[in-house]
Amino acid sequence: MTAKDQSERVSWRDGGTPVSTLFDDPYFSLADGLAETRHVFLAGNDLPERFRDGFRIAELGFGTGLNLIATCLAWEGSGPPGRLRFTSFEAYPMPAADMARALAAFPEAEAVAGPLLAHWGAGQRRFALGPVDVEIVEGDARETLPRWPGRADAWFLDGFSPAKNPELWSEALMREVARHTAQGGSFATYTAAGFVRRGLASAGFQVERAKGHGHKRHMSRGFLREAT
């Protein structure tokens with residue numbers, strides 16, 4: 001699929017918020033995407049408190065790269081020694097021009113967004129952003145995640161709405177998430193949909209609801225239960 005075809009999958013709300021025409025869902029919160037990322041994915045996984053050398057984050061749904069940028073800022077701000085690894089699974093990569101337009105809404109992110117866009121625009125899917133080693137795995141996560149050799153210490157589950165993109169929230173995929181989670185690893189997601197929470201619990205996670213961001217009453221978070 002060409003960049004032009006991909007661009008036709010993105011519309012814009014209020015001039016600056018990208019919306020997937022394929023799933024009819026925004027790529028990030030209309031209220032404040034960066035604040036949502038920090039509340040849901042960072043705080044939801046008890047980050048940056050858990051950061052350490054070699055810590056690995058995995059993500060379903062790379063989108064605009066905003067979660068990666070927020071993570072880089074948090075890592076650099078917390079000052080741990082060593083390196084962080086960030087792997088994201090994305091079926092529909094956003095063209096660099098659309099990504100740049102979306103990220104322009106967050107001036108605070110510019111220092112990281114610039115290098116990210118340079119790598120992304122050059123077609124690179126493995127690169128370093130300072131102390132963060134990045135890997136973007138393109139393709140359907142139902143096919144690519146089972147083949148991934150890694151295990152994450154924290155998962156960002158950030159696919160489009162479960163009501164509109166149920167394939168990325170299926171019980172089978174949640175089992176793969178659990179299988180690729182390190183002992184004591186965690187997950188966080190903006191959704192509190194019942195079938196998602198049940199799927200995660202069935203996969204082996206201790207699941208809890210927490211206060212959501214903005215107008216969303218609840219989100220979900222949890223840790224992988226120890227094997228008995």
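A nonpolar core is a set of buried Ala, Val, Leu, Ile, Met, Phe, Trp, Tyr and Cys residues joined through side-chain atoms within 4.5 Å; buried means under 20% relative accessible area, with a 1.4 Å probe and protein chains only. I worked on a predicted model, where local features need pLDDT of at least 70 and side-chain atom pairs count only at pLDDT 80 or more, while totals for chains, interfaces and linings use all residues. Residues are numbered from 1 along each chain as its sequence is written, and side-chain values use heavy atoms, without hydrogens or water.

**Core.** I looked up the largest nonpolar core and found 62 residues, with Ile57, Leu60, Leu68, Leu116, Trp155 and Leu157 having the most contacts inside it. Helix α3 (residues 66-78) gives the largest share of this core, 7 residues. Helices (H or I, at least four residues) and strands (E, at least two) are DSSP runs, numbered from the N terminus.

**Leu116.** I left aside its neighbours within four places in sequence and listed what Leu116 is in contact with: Phe62, Thr64, Gly65, Leu68, Ile69, Met99, Leu103, Phe127 and Leu129. Contact means heavy atoms within 4.5 Å.

**Helices α4 and α5.** I took the axes of α4 (residues 96-103) and α5, which come within 10 Å and cross at roughly 170°. That makes α4 roughly antiparallel to α5 (over 145 degrees). Axes are lines fitted to C-alpha atoms, for helices over the stretch in contact, and angles run from 0 to 180 degrees between N-to-C directions. In α4, Ala96, Met99, Ala100 and Leu103 meet Ala113, Leu116, Leu117, Trp120 and Gly121 in α5. Helix α5 (residues 110-121) also lies across β6 and β7 (132-138), at about 165° to β6.

**Sheet.** I traced an open sheet of 8 strands with mixed pairing, in the order β6-β7-β5-β4-β8-β9-β11-β10. Strands β6 (126-129) and β10 (205-211) stand at the edges with a single partner strand each, so one side of each has no neighbour in the sheet. Two strands pair if DSSP finds at least two bridges between them. I noted 5 bridges between the parallel strands β8 (residues 152-157) and β9 (residues 181-189); Ala152 has Thr181 in β9 as its bridge partner.

**Helices α7 and α8.** I found α8 (residues 194-203) lying across β8, β9, β10 and β11 (218-224), at about 150° to β10. The axes of α7 (residues 171-179) and α8 come within 8 Å and cross at roughly 45°. In α7, Glu171, Met174, Arg175 and Ala178 meet Gly199, Leu200, Ser202 and Ala203 in α8.

Conventions. Buried < 20%, exposed > 50% of the residue type's maximum accessible area, 1.4 Å probe, protein only. Parallel < 35°, antiparallel > 145°, perpendicular 65-115°, else oblique.
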